[in-house]
Amino acid sequence: MEMQENELLILVEKWTEILRIKNNWDIKLELLSDPSFRKTGDIKIDCDDRKAILILNQAGPNCGNPEEIICHELLHLKMYPLDQFTESMIMSTFEDGTAASNMAYSNFFMNLEITVEELTKCFIGAFGENKILSFGRCRSKKSFNELFDGLNNLE
């Protein structure tokens, strides 16, 4: 992520407008350069005061397209009411710490992240200045051939 703070602030402004967040939320951009922070972006949300801190880790593991990261984190803000409602449903339905509760939480958060990432790809494709998606997460995944190392031949 080689952009200057003023360039990143322009992107935050652009995406708060596109996502219809601009007049409803106060967003503060916070830049980190911490390789030990395992995420490239994050957002902290205060619904009562309608404020959020958008965190960009310039030393993050998946640095690539800062515009993609900004859009992604702001979409988490858009999805936050649904996120909180679903989390409340899980908490009221399952006893905390049980296998069922853990399964519901892990499936919910996995599917939330997949949904936000798919929406990010759509918005970046339609409105992004930089339409090149980051493939940083792929680097830590096993290759197709590695997935089959050690499996017995079925023949």
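Trainee: Is Phe 123 buried, partly exposed or exposed?

Mentor: Relative accessibility is the value to read, here from a predicted model. Buried means under 20% and exposed over 50%, with partly exposed in between. Phe 123 comes out at 24%, so it counts as partly exposed. Trp 15, by contrast, has 0% relative accessibility and therefore counts as buried.

Trainee: How many aromatic pairs does the structure hold, and what geometry do Trp 15 and Phe 123 form?

Mentor: There are four aromatic pairs. For geometry, look at the angle between the ring planes: over 60 degrees counts as edge-to-face. Trp 15 and Phe 123 have planes 85° apart and centres 6.5 Å apart, an edge-to-face pair. This pair links distant parts of the chain, with Trp 15 in helix H1 and Phe 123 in helix H3, 108 residues apart. Ring pairs also bring in Phe 127, giving a cluster with Trp 15 and Phe 123.

Trainee: Turning to the strands, why is S3 largely enclosed by the rest of the structure?

Mentor: Count its buried residues: five of the seven in strand S3 (residues 51-57) are buried, so S3 is largely enclosed. Then check its partners. S1 runs parallel to S3, joined by seven bridges, and Leu 29 stands opposite Leu 54. S2 runs antiparallel to S3 through six bridges, with Asp 42 opposite Ile 55. S2 and S3 make a hairpin with four residues between them, and Arg 50 in the turn has a positive phi of about 50°.

Trainee: Where does helix H2 bend?

Mentor: Compare the axes on either side of a residue. H2 bends by about 55° at Met 79, and Pro 81 follows within four residues. At the N-terminal end of H2, Asn 65 is the cap, with a side-chain oxygen 3.0 Å from the backbone nitrogen of Glu 67.

Note on methods: Residues numbered from 1 in each chain as written. Predicted model: local features only at pLDDT ≥ 70, side-chain atom pairs only at ≥ 80, totals over all residues. Heavy atoms only, no water. Buried < 20%, exposed > 50% of the residue type's maximum accessible area, 1.4 Å probe, protein only. Helix = DSSP H or I, 4+ residues; strand = E, 2+ residues; numbered from the N terminus. Pairing = 2+ DSSP bridges. Bend = angle between axes of the 7 residues up to and from the residue. Polar contact = N/O pair within 3.5 Å; in protein donor to acceptor, adjacent residues only side chain to side chain. Phe/Tyr/Trp six-rings, centres within 6.5 Å; stacked < 30°, edge-to-face > 60°.
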